[in-house]
Amino acid sequence: MIKKILDTSTLDKDLLKQLDAYIMSLEGDKQEHLIHVLHKAQKLFGYLPQNLQLYVARALNLSGARVNGVVTFYSFFNEKPVGKYTISVCMGTACFVKGADKVLSRVLELTGMNKNEISKDGLFTVKDVRCIGACGLAPVMTINDKVYGKVKPKDVDDIIRHYRSIENESK
Amino acid sequence: MRVNNYSDLLAWKKRCPRKIDYQINVLICNGTSCMSSDSELIIKIFEKELKNRNLEAEIRAIKTGCFGFCGQGPIIKIEPDDVTYVQVKVEDIQEIVESHLINHEVVVRLLYQEPNQKDLVEKSSGMNFYKKQMRIALRNCGEIDPENIEDYIVNDGYFALAKVLQEYTPEQVIDIVNKSGLRGRGGGGFPTGLKWSLTRKQKANEKYVICNADEGDPGAFMDRSIMEGDPHSILEAMAIAGYAIGASEGLVYIRAEYGVATRRLKKAIEDAKQSGLIGKNIFGSDFSFNIEIKLGAGAFVCGEETALIRSMEGFRGEPDKKPPFPSEHGFRDKPSSVNNVETFANIPAIILNGAQWFSSIGTERSKGTKVFALAGQIRNNGLVEVPMGTTFREIVYDIGGGHPQGKEIKAIQIGGPSGGVITKDFFDMKIDYDSLISMGAMMGSGGMIIMDEDSDMVQIAKFYLDFTQDESCGKCTPCRIGTKRMYEILERLVNMQGTPEDLERLRILGENIKNTSLCGLGQTAPNPVLSTMKYFREEYEAYAYRTKKTTYSIDAKKCIGCTKCSRSCPVSCIEGTVRQPHYIDESKCIACGACYDACPVDAIIRP
C-alpha cells in the first residue's frame, strides 16, 4: 500500500513538469500556497490521487498527512477520478424550494449511478453542490462551466442527450 | 495611462469616453445569471451588427454587471431612452437594432409587464422593481463595463482614494467611517470604523486588509454581483482601509466556485497596478498598497474570519477561539481587518459624499442601505438594495411583486443557515440589524427566501440543518455531534417515527449548541430550527403526534376530469371517469407528486 502511494511513475511526466514550474513560480512562503497548488494539480490531473498528494507534500516540504488533511477538508478537491463532464446540481435554498432534489434524482436516474461516482462510459460525474449564487434561475445545474437555469426534471433528458451526442459525433 | 498624482487622475477622467459622447448606449447584462441565458453571445452579435452598419461612433454596446432583475434575464437597457428589455433572445437583436436603434421605435413585445397590469412599462425608472430601491453598494452594477477601468474612473472611481491620501490622516478616515455608522454587511453587523481603529491601534511591522468574498450562505449572491459588476470599487476601498489601518497588503479570499468574479477581479487588479492606482507610492504619496487573490476550495465555515485566515495560510479552515481577534493576531499572526465585499463597496461612496450623508439614510442604529437577494416563491427574483428600515412588505410585494401565482406568502427565511423565519404577522416590521435579532433571525448576508403556503417549515429547517451539519468543520463537539443529533431527531420526525418529547429534546439541544459552540457557525446553526419551532409549532406537532397528512388528494370542485393525473400516477391509485371528478386512493399513494405536476387546473391538494 505504502509503496503504491510513493510510486509517482503512474503520473504523467509532462503534467508533473507543469506543476513543478507552477510551484517554482510562487513567491514567498510556498507552504502557504498549498491550496493554490492543489487547485493547479487538480486542474492538470483532473483529480488528486494519493500519490499526487504525496508528490505535492514532498515538493512543498510538508507531511503527507497535512496535505491529505487539507484535500479531504475542502469539498472542491476530488480524491477519485471524475467524468469528462461534471454535472453539478445546486442544492442551495432557492433551488431546493423549487425542486432541485427532483432534478438531481432525474440526473442520477439517467446517468445510472450514485453521487460522486463516475459513469461507466467515463463521461459523467454527478455532484450536489452548495449554492452557486444563480438563485434568480433556480433550480440550477451546471455542466463543467455551462450554467443551466430553471431546469425541470424533464429538461434533463435533453441536456444529457446533448452531451452524449457530442461524444458520439467526436468518435 | 499612469497616474502619478491627483491631476493625472483628473486629466484621465476628462479623456475617458462618457455615455453622453454616444447617441445611444446599449447596456447588456453580463452577470452569471444572464450569461447562462446566452448574454455573451447577444453582446457579440450586437457588436457585430453595430460594426456592419457603421454605427460604432454613435452607439456603444456596453457589457455590464448585474442589473439585479435576474429572474427576467437576459436584460438589455437602452440609454438615454431609459428603456429596459427583458428575456431577450439572440433572435430579437435584429429587431432591436432596426426598430429601436435606427428608427427609434420601442420594441413593445420585449418590454416588462407588471403583474396584474395591462400596460407594459416603457421607462425603466417606472418599474416597481426599481422605484423603491436606493443603490449605493450596487451603484455601478449594471451601469458600467466592469472590465474597463475607464468606465469606473469616469464615474469618480479612485477619487475617494485620491481624496483620502490628499486630505485626511488615517485617524480622520477612521473617524469618517465611524461617524457614517457603517456596520459589517457580512452577517454580524460589527461597526466597521471600530474594527479599523482596533487594527490601527496594534503595533506591528506588517498588517493586512482582508476582503471576505467567501459568500457561502445559500440564497445570497450580492457579493458575487458586486465583484462581477464593479470590481474596482472593492480594490479602491481596500486601499483606503489599508491607509487607515496602516497596512500595505490586501488579500481577497474568494470562493473557487465564483469563476467570473475571480477573473474580473484579477483583470481589475492588473489594470489598477498598471495605472499606478495600486502599487508603490500611490498618487505620489508615501502610501504603497498591493492586492492579491486567495482562492477558497469549498468550505462554508471559511466565511468565519478566523477559519478564513487559517485557510489563507494553507491549512484546513478550522476556526480559532476569539479573543484574540484578527485585529490583534490575524493573517500570519499580524493584525488584520477582515471586511465583507458589500461593506467595502460602500466605502468610496461614504468618503466622497461624507459621513453625514450616509448616516442620514436608514434607522437609528443601522445606517445606509442593505442589498437583499430575493429568491424562492417570488415573482421578481433578483438583487435589491433598499435603505435600512424598509419593511418586509415593501420588499416582497412592492419590489418583489409578490407570489408568482398569487398564493399567500407564509414566511420569509432570512440570514441563511444562521438565520430564522419571519412570519407574515411581522411583514410590516422595519428591517435592521437589531429588529432581526429580536425576532430570533439575523441579517446574515441578506439572502431572503420567500416561502408560500405549500412550504413545509419542518422540511426547510431540516434542509438547513443538513447543510450546517455537513459544513461543520468538526473541531468542537457541540457543533460536530450536536447538529448531527438534531438532524437525526428531525429526520425521525419527518419519517413519522418521532414522539412529542422529541420537540423539547430538539429545543434544549439547540439552546446548548448555541451557547457552547466555538464559532459563529455552531452558535447560529440551531437558529433555523428554533425559529421555525417558535412560529410554526403546529407543523412540528403534526409530525410529532403523527397526524400529518402525507398523501395527495383531489379537490372535487376544481377537478375537470381530464384524466391527466390518473395517467401520470406510477402506482395507479387515481380513479374516475372522464369529465367527472377523480379521487385518490390515499392508502396506495406514495406522495411522488406526479399528479400535482400533471394537473392543469390546480385541483390536486398537496400534503
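The legends below describe views of a predicted model with chains A and B.

**View 1. The fold of chain A, taken by itself.** In this predicted model, chain A holds eight helices and four strands, and when the chain is read along its sequence these elements follow the pattern α-α-α-α-α-β-α-α-β-β-β-α. The C-alpha trace of chain A spans about 50 × 35 × 30 Å along its principal axes. Of the 171 residues in chain A, buried residues make up 35%. Where contacts in chain A link residues at least 6 apart in sequence, 61% of them join residues at least 24 apart.

**View 2. The fold of chain B, taken by itself.** Chain B is built with 25 helices and 19 strands, and its C-alpha trace extends about 80 × 65 × 40 Å along the principal axes. The radius of gyration of chain B is 26 Å, which agrees with the value near 25 Å that a compact globule of 607 residues would have. Among the 607 residues of chain B, 54% count as buried. Of the contacts in chain B with a separation of 6 or more, 71% are accounted for by residues 24 or more positions apart.

**View 3. The side of chain A that touches chain B.** Where the two chains meet, 32 residues of chain A are in contact with 38 residues of chain B. Helices α3 (34–45), α5 (64–73) and α6 (93–97) of chain A, together with strand β4 (146–148) of chain A, each supply at least two residues of the side that touches chain B. Sorted by class, this side of chain A has 18 nonpolar, eleven polar and three charged residues.

**View 4. Helices α18 and α22 of chain B, and how they cross.** The axis of helix α18 (residues 457–471) of chain B and the axis of helix α22 (residues 527–535) of chain B come within 8 Å and cross at roughly 165 degrees. Because angles over 145 degrees count as roughly antiparallel, α18(B) is roughly antiparallel to α22(B). The crossing in which α18(B) passes α22(B) is left-handed.

**View 5. The residues in the contact of α18(B) with α22(B).** On α18(B), the contact is made by M457(B), I460(B), A461(B), Y464(B) and L465(B), while on α22(B) the partners are P528(B), V529(B) and T532(B). Taken by class, the residues of this contact divide into seven nonpolar, one polar and no charged.

Terms used
Residues numbered from 1 in each chain as written. Chains lettered and ligands numbered in written order. Predicted model: local features only at pLDDT ≥ 70, side-chain atom pairs only at ≥ 80, totals over all residues. Contact = placed C-beta atoms within 7 Å. Nonpolar A, V, L, I, M, F, W, Y, C, P; charged D, E, K, R; others polar. Rg over C-alpha atoms; globule rule 2.2 N^0.38 Å. Buried ≥ 20, exposed ≤ 12 C-beta atoms within 10 Å, placed from the backbone. Axes fitted to C-alpha atoms, helices over the stretch in contact; angles between N-to-C directions. Parallel < 35°, antiparallel > 145°, perpendicular 65-115°, else oblique. Left-handed = near helix turned anticlockwise from the far one by under 90°.
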